[in-house]
Amino acid sequence: MRIRHILVIAMAMIGVSAMAQTEELNVVFNRPGYANGTGVLSKKSLAFETGIGFGEDKSFMINTSTLRYGLLNRLEVLGTITFTKGDGMSDLGLGAEFQLLDEETSPISVSVQGRYVSDLGNSSRAGVFSLNLGRSINDVFSLTANYGYDVNKDWDNCHHAILNASFGINDKLGVFGEFIEDIVVKGDNYSNLNFGVNYMLNERMQVDCSYARHLDQYHSWDVEIGFAWLIK
């Protein structure tokens with residue numbers, strides 16, 4: 001593994017997040033961006049998140065749509081589904097996230113997430129695991145870091161390292177930037193930059209837009225618009 005990749009993972013492991021939230025309703029969205037936040041929904045809360053992506057290669061997909069439910073105060077369960085133009089329903093996942101530490105009792109917040117994902121088109125299966133770290137630097141700026149590992153049945157396993165910086169402009173509007181490094185165990189490595197903005201329509205609903213630049217040999221890009229809703 002190259003030194004650059006080791007440094008990226010190290011940054012992610014010591015880095016620290018901001019998901020749009022209000023204390024009264026415990027609004028904790030995992031949009032926009034690729035990073036997983038460390039917050040989980042309160043017990044019996046239900047949320048839905050989805051996005052539509054457009055690629056430079058004229059590709060179109062309904063990016064991973066997620067239904068999340070607060071099973072316990074520190075544990076949520078989630079189901080995911082992805083649709084791709086031409087393929088229809090391509091990925092179906094089921095998982096859970098557990099919050100180990102929060103910033104009220106610890107210098108950083110920490111959560112772990114695990115998901116089982118099935119590629120229905122190719123009958124492929126994978127286990128997706130993520131360690132998530134977060135810290136609010138002040139009232140408006142925070143950092144999130146993820147280290148993830150995909151255990152795949154039919155293709156190479158992959159490490160993921162993500163460092164996300166979020167800035168709240170006001171109570172409704174926020175912006176973010178993140179760096180993503182995918183390290184394929186027996187293949188090529190991929191780096192991405194992602195930038196975006198999110199806006200709270202009301203205390204339960206959020207819209208967002210993001211732009212991703214892929215730092216590979218093709219330097220391709222894609223744009224995504226999304227929506228998140230705390231149903232109850």
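What is the mean pLDDT of the chain, and what share of its residues reach 70 or more? The mean is 84, and 80% of the residues reach 70 or more, where pLDDT is the predictor's confidence in each residue on a scale from 0 to 100. This is a predicted model, in which local features need pLDDT of at least 70 and side-chain atom pairs count only at pLDDT 80 or more, while totals for chains, interfaces and linings use all residues. Residues are numbered from 1 along each chain as its sequence is written, and side-chain values use heavy atoms, with hydrogens and water left out.

The secondary structure comes to one helix and twelve strands, and, read along the sequence, it follows the pattern α-β-β-β-β-β-β-β-β-β-β-β-β; here helices (H or I, at least four residues) and strands (E, at least two) are DSSP runs numbered from the N terminus. Residues 1-23 have pLDDT under 50 throughout, and for this stretch the model has 63 contacts beyond four places in sequence, a contact meaning heavy atoms within 4.5 Å. Of the 232 residues in the chain, 44% are buried, where buried means under 20% relative accessible area, exposed over 50%, and partly exposed in between (1.4 Å probe, protein chains only).

The loop between helix H1 (3-14) and strand S1 (46-55) holds Pro-32, and the peptide bond that leads from Arg-31 to Pro-32 is cis, with omega near -10°. Lys-44 lies in the loop between H1 and S1 as well, and its phi is near 75°, a positive value in a residue other than glycine. Lys-44 counts as exposed because its relative accessibility is 54%.

Strand S2 (residues 60-72) contains Ser-65, which counts as buried because its relative accessibility is 9%. Leaving aside neighbours within four places in sequence, Ser-65 is in contact with Phe-48, Glu-49 and Thr-50, and also with Gly-79, Thr-80 and Ile-81. The C-alpha atoms of Ser-65 and Gly-79, which are 14 residues apart along the chain, are separated by 8.2 Å. The side chains of Ser-65 and Thr-50 make a polar contact of 2.5 Å, a term that stands for a pair of N or O atoms within 3.5 Å, of which, within protein, one must be able to donate a hydrogen and the other to accept it, with residues adjacent in sequence counted only if both atoms are side-chain atoms.

Ser-106, in the loop between strand S4 (88-101) and strand S5 (109-119), is buried because its relative accessibility is 14%, and a polar atom of its side chain lies 3.0 Å from the backbone oxygen of Ile-108. Glu-181, placed in strand S9 (residues 173-184), counts as buried because its relative accessibility is 0%, and a polar contact of 2.3 Å joins its side chain to that of Ser-191.

In strand S10 (residues 189-200) stands Asn-194, a residue that is buried because its relative accessibility is 2%. Not counting residues up to four places away in sequence, Asn-194 touches several residues, among them Gly-33, Tyr-34, Phe-176, Ser-210 and Ala-212. The C-alpha atoms of Asn-194 and Gly-33 are separated by 7.0 Å, although the two residues are 161 apart along the chain.

Asn-194 also belongs to the lining of the largest cavity, together with Tyr-34, Ser-210, Ala-212, Asp-222, Val-223 and Glu-224. Strand S11 (205-214) and strand S12 (221-230) are the elements that give two or more residues to this lining, and the largest share, three residues, comes from S12. A cavity is a set of points, on a 1 Å grid over the protein atoms alone, where a 1.4 Å probe fits but cannot get out, and lining residues have an atom within 4 Å of a point. About 30 Å³ of space lies in the largest cavity, a volume being the space filled by probe spheres set on the points, with grid points joined across faces, edges and corners. The lining divides into three nonpolar, two polar and two charged residues; Ala, Val, Leu, Ile, Met, Phe, Trp, Tyr, Cys and Pro count as nonpolar, Asp, Glu, Lys and Arg as charged, and the others, Gly among them, as polar.

Notes:
1 Å grid on protein atoms, 1.4 Å probe; cavity = no way out; pocket = protein on both sides within 12 Å on 5 of 7 lines; lining within 4 Å.
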